[in-house]
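Hello,

Here is the structure I promised to pass on. Please open it first, then read my notes below.

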Amino acid sequence: MLDMVHGSAVAIDGNGLLLLGPSGSGKSDLALRLIDRGAKLICDDILHIESCNGLPQLTIAPNIAGKIEVRGIGICPIDFVDCAPLRLIVQFAQDVDRMPPAHQSITIAGYSVPMFKLDPFQASSALKVEWALRSVIDAGLHPVANADATSNESVTM
């Protein structure tokens, strides 16, 4: 099963992060800031989620592999990785709870995936993404197949 998703994805220490938000919301910008901190680009703008051994994998869209949009500069070449297991979804939001509920998730491509909401333009956004990933790893949270799910359902908790 292969699902196409509009978003940006990076890998941090081999863990895939999917950045989701409307067009122009800062996905590529936050991806660049994460890359500056050591992350590797998987794909920018369009990517695929495929099931591999019962777990979701973020994979490149071959026609745009190794390219990222840098607003005000254009499409730029960048080092990338072909794929990484999806561990966390970052959903962009302007109104973020000061103390969000623990262990939020979102269903995408038939999997319930750990998720947190973030204002992508705060100075600390890249660091917050890294902390959120660390909290998911430390809690032992992984995406879970959801047989009743359809692609890109809304947030569930």
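Start with Ser28, which is found in helix 1 (27–36). Helices (H or I, at least four residues) and strands (E, at least two) are DSSP runs, numbered from the N terminus. Ser28 counts as buried because its relative accessibility is 15%. Buried means under 20% relative accessible area, exposed over 50%, and partly exposed in between (1.4 Å probe, protein chains only). Leaving aside neighbours within four places in sequence, Ser28 is in contact (heavy atoms within 4.5 Å) with Ser8, Asp44, Ile68 and Glu69.

A word on the source. This is a predicted model: local features need pLDDT of at least 70, side-chain atom pairs count only at pLDDT 80 or more, and totals for chains, interfaces and linings use all residues. Residues are numbered from 1 along each chain as its sequence is written, and side-chain values use heavy atoms, without hydrogens and water.

Now the cores. A nonpolar core is a set of buried Ala, Val, Leu, Ile, Met, Phe, Trp, Tyr and Cys residues joined through side-chain atoms within 4.5 Å. The largest one has 22 residues. Leu34 is among those with the most contacts inside it. Helix 2 (125–138) gives the largest share of this core, 5 residues. Apart from it lies another core, of 21 residues, including Ile49 and Val113.

Last, Phe80. It is found in the loop between strand 6 (74–77) and strand 7. Phe80 counts as partly exposed, because its relative accessibility is 34%. Not counting residues up to four places away in sequence, Phe80 touches Leu41, Ile42, Ile60, Ala65 and Gly66.

Best wishes
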